[in-house]
Amino acid sequence: MASDATRLDVQTVDGVTVARFVDNRILDEAVIQVVGDQMYRLVDDDGLRKIVLDFQSVEHLSSAALGKLINMKKKVDASGGQLGMCNLRPDLLKIFKVTKLTKVFDIHKDIEKALKAF
Amino acid sequence: MLFSQAFSSDLHESASIQQQIMDIWLKNGVSDGDLPDLQLALEEGLANAVKHGNQLDPAKQVKVECQLLDDCMIRVTIEDEGAGFNPEEVPDPTDFENLDKPSGRGIVLMRAFMDEVLYNDEGNQLTFCKRCSINA
């Protein structure tokens, strides 16, 4: 079972919240649940509106994790905020491309480009 | 046969089975390049069987078999005790109107990362295959 330990490393850069995933594989259901809850809290509890998700450490994620990301995007949009993504490895980008989620998410090559979009 | 086991429809059981199979693949020399793709397909296949096939009913079993064939082909068969489904009737998650739905992408991912993904006529047995690099 996944622990409830912090699975997001959260920092603020130029007024934008940068949340970096700690896990390299977001595949296990228990991990996905905790990751999702911790992402949602950024919006629901902390009231953050400008968020970048940094995938630098992530090698793979499952369709259930994609579902959490889609719900996160909906939450941010509903709050009038903006959600960006960056540092997706080629294998990870393939997951977004084959599911055509590149049309849903604002994906940037690196953190600098993601921050410039705000 | 590398692995053959049935387990009750529980996500923690499923995670344990997944880890056991991953360890066997690693022990048998499946390359680092192939392991993540295989793990993704295994996760999607097991999750579908436990959640959608058996509806998380712990009284129902999921049967998993894994083989390493002569041509370095990994073949996994996952069978549940559910009513089955027709994969052709699953809404295409890549259609524009489905893009923001949070579920339904497991089959698309398995087809993208495996060489072959097949269902039996009843729709309760999945087989996926991938030709892998095997380290000596």
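**View 1. The contact between chain A and chain B in this predicted model involves 23 residues of chain A and 24 residues of chain B.** Together the two chains bury about 2000 Å², and 64% of this lies on carbon and sulfur atoms. Of the area that chain A buries against chain B, 25% is supplied by A:Leu27, A:Glu29 and A:His60, more than by any other three residues.

**View 2. The side of chain A that touches chain B draws at least two residues from each of strand E5 (60-61), H2 and helix H3 (90-98) of chain A.** The largest share, 6 residues, comes from H2(A). By residue class, this side of chain A divides into 9 nonpolar, 6 polar and 8 charged residues.

**View 3. Chain A contains an open sheet of 5 strands in the order E1-E2-E4-E6-E7, with mixed pairing.** Strand E1 (8-13) and strand E7 (106-108) of chain A are the edge strands, each pairing on one side only, and the twist from one strand to the next averages 25°. E1(A) pairs with strand E2 (residues 16-21) of chain A in the antiparallel sense over 6 bridges, and A:Leu8 has A:Phe21 in E2(A) as its bridge partner.

**View 4. Helices H1 and H2 of chain A lie across strands of chain A.** Helix H1 (residues 29-44) lies across E1, E2 and strand E4 (50-54), running at about 25° to E1(A), whereas helix H2 (residues 63-78) lies across E2, E4 and strand E6 (82-86), running at about 145° to E6(A).

How values were computed:
Residues are numbered from 1 along each chain as its sequence is written. Chains are lettered from A and ligands numbered from 1 in the order in which they are written. This is a predicted model: local features need pLDDT of at least 70, side-chain atom pairs count only at pLDDT 80 or more; totals for chains, interfaces and linings use all residues. Side-chain values use heavy atoms; hydrogens and water are left out. Two strands pair if DSSP finds at least two bridges between them. Helices (H or I, at least four residues) and strands (E, at least two) are DSSP runs, numbered from the N terminus. Axes are lines fitted to C-alpha atoms, for helices over the stretch in contact, and angles run from 0 to 180 degrees between N-to-C directions. Contact means heavy atoms within 4.5 Å. Buried area is the accessible area (1.4 Å probe) that two parts lose on being put together, summed over both. Ala, Val, Leu, Ile, Met, Phe, Trp, Tyr, Cys and Pro count as nonpolar, Asp, Glu, Lys and Arg as charged, and the others, Gly among them, as polar.
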